[in-house]
Amino acid sequence: MRAIPAASVALLGVAALSACVPAGAAPGSTYGFTLSPATVAPGGEVTLGVGRAAGGCKGRVTVSSPVFDTVTIPRHEYSATARVDRDARRGAVYEVKFACDGRSETLNLTIAGGHSGHPDKGVHAGEGGSVAGLDVKEIGLGALLIAGSVGAAYHLSRRRSGEDAA
């Protein structure tokens, strides 16, 4: 008898959490093209990806940018890597153009650094992570949605068990 209320609470919790995903977390590409990471140091590698699902590119993908050699992703592959030129200008944003099946799309690649002329040393902790880009309002709204769904599920489960006893 307790399995149904527990399942209700679990499903409502998952629904509430999925509603709290910020809009920035969704892929920015119409055709499923990805660029990871979006910020890279000069000489670093980026992974160029393509979504092959419905609405995505089915053919060969050509990826070009002023900061790396042109890369081709074969039609049965989902990704490829490219090495960014060591002389890429720190702090600059470069366009990365994806072309496939007569469609093209441009994503931005930011070159890390740019604040000083000194070479980077050590690890830059605190850049990104699971809470990057969130603000207090979004966190509060997410907590409120979760608490409300758990409370409603608990209230409904307690009410039903009272009716069964009568």
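Analyst: The protein has 2 helices and 8 strands, and along the sequence they follow the pattern α-β-β-β-β-β-β-β-β-α. Here helices (H or I, at least four residues) and strands (E, at least two) are DSSP runs, numbered from the N terminus. This is a predicted model, in which local features need pLDDT of at least 70 and side-chain atom pairs count only at pLDDT 80 or more, while totals for chains, interfaces and linings use all residues. Residues are numbered from 1 along each chain as its sequence is written, and side-chain values use heavy atoms, with hydrogens and water left out.

User: Why is Ala-92 called buried?

Analyst: Buried means under 20% relative accessible area, exposed over 50%, and partly exposed in between (1.4 Å probe, protein chains only). Ala-92 has 5% relative accessibility, so Ala-92 counts as buried. This residue is found in the loop between β6 and β7. Buried residues make up 25% of the 166 residues in the protein.

User: What does Ala-92 touch, beyond residues up to four places away in sequence?

Analyst: Ala-92 touches Leu-109, Thr-110 and Ile-111, where contact means heavy atoms within 4.5 Å. The C-alpha atoms of Ala-92 and Gly-113 are separated by 8.9 Å, and these two residues are 21 apart along the chain.

User: And how do you know whether Asp-101 is buried, exposed or partly exposed?

Analyst: The relative accessible area of Asp-101 is 47%, so Asp-101 is partly exposed. Asp-101 lies in the loop between β7 and β8, and has a positive phi of about 50° although it is not a glycine.

User: What makes the rings of Phe-33 and Phe-98 a stacked pair?

Analyst: Rings of Phe, Tyr and Trp (its six-membered ring) pair if their centres lie within 6.5 Å; planes under 30 degrees apart count as stacked, over 60 as edge-to-face and the rest as tilted. A search of the whole structure finds 1 aromatic pair. The ring centres of Phe-33 and Phe-98 are 4.9 Å apart and their planes are at 15°, so the pair is stacked. Phe-33 lies in strand β1 and Phe-98 in strand β7, so the pair ties together parts that are 65 residues apart in sequence. Phe-33 is buried, with a relative accessible area of 3%, and Phe-98 is buried too, at 0%.

User: Which residues have the most contacts inside the largest nonpolar core?

Analyst: They are Val-46, Leu-48, Val-61, Phe-68 and Leu-109, in a core of 25 residues. A nonpolar core is a set of buried Ala, Val, Leu, Ile, Met, Phe, Trp, Tyr and Cys residues joined through side-chain atoms within 4.5 Å. β7 gives the most to this core, with 4 residues. Leaving aside neighbours within four places in sequence, the contacts of Leu-109 include Leu-35, Pro-37, Val-46, Phe-68 and Ala-92.

User: Where does Pro-37 lie?

Analyst: Pro-37 lies in the loop between β1 and β2 (39–40). The peptide bond from Ser-36 to Pro-37 is cis, with omega near -5°.

User: How many of the protein's contacts join residues at least 24 apart?

Analyst: Among contacts between residues at least 6 apart in sequence, 57% join residues at least 24 apart.
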